[in-house]
Amino acid sequence: MRYKVTFAVGLALGYVLGTRAGRERYEQLRKSARQIAQNPAVRNAAETAGQSGRAFAGKAFAVVGDKVGDAVPDSLAERVRVLRGRAGGAPEDEWGTSNT
């Protein structure tokens, strides 16, 4: 219960401070976030992290699959196979387009 109250207070405080800052400050923050996201070093780090995550997920699936056998649903097994196949190529989003 204490965490819910703390969350609600933080949410309310953020809302009040955000409304006082106004639209101009929001646009400044948005522009800064866009510049950071377009930085090649940030994009490379995000791509590397994504590839590492997919590789780790594939290894974890193999370990879990060995331990639980056929208890892994086919839909999950197929999703991991797809992710494993994409790990070597360019990263793509859910619609099959490149994120870069």
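Start by colouring the chain by pLDDT, bearing in mind that this is a predicted model. Select helix H3, residues 74-86: among the elements of the protein chain, helix H3 has the lowest mean pLDDT, 74. Then select helix H2, residues 40-68, where the mean pLDDT is the highest, at 85. For the protein chain as a whole the mean is 78, and 80% of the residues reach 70 or more. Where pLDDT is low, the predicted coordinates should not be read in detail.

Next, switch to a cartoon of the whole chain. The protein chain holds three helices and zero strands, and from the N terminus on its elements follow the order α-α-α.

Now select helix H1, residues 2-38. Where in H1 is the kink centred? Select glycine 22; the kink of about 100° is centred on this residue.

What do the side chains of glutamate 27 and arginine 30 form? They meet in a salt bridge, with 3.8 Å from N to O. That distance counts because the cut-off for a salt bridge is within 4 Å. By this rule the count comes to one salt bridge. Both residues lie in helix H1, three residues apart, which is about one turn of the helix. Side chains of opposite charge can pair when their charged atoms come close.

Are glutamate 27 and arginine 30 buried or partly exposed? Glutamate 27 has a relative accessibility of 31%, so this residue counts as partly exposed. Arginine 30, with a relative accessible area of 38%, is also partly exposed.

Centre the view on valine 5, which lies in helix H1. Its relative accessible area is 45%, so valine 5 is partly exposed.

Finish with the surface of the whole protein chain. The accessible surface comes to about 8,300 Å², and carbon and sulfur atoms account for 61% of it. Colour by relative accessible area to pick out the buried residues: 8% of the 100 residues of the protein chain count as buried.

How values were computed:
Residues numbered from 1 in each chain as written. Heavy atoms only, no water. Helix = DSSP H or I, 4+ residues; strand = E, 2+ residues; numbered from the N terminus. Buried < 20%, exposed > 50% of the residue type's maximum accessible area, 1.4 Å probe, protein only. Areas by Shrake-Rupley, 256 points an atom, 1.4 Å probe, with all protein chains shown as cover. pLDDT = per-residue confidence, 0-100. Bend = angle between axes of the 7 residues up to and from the residue.
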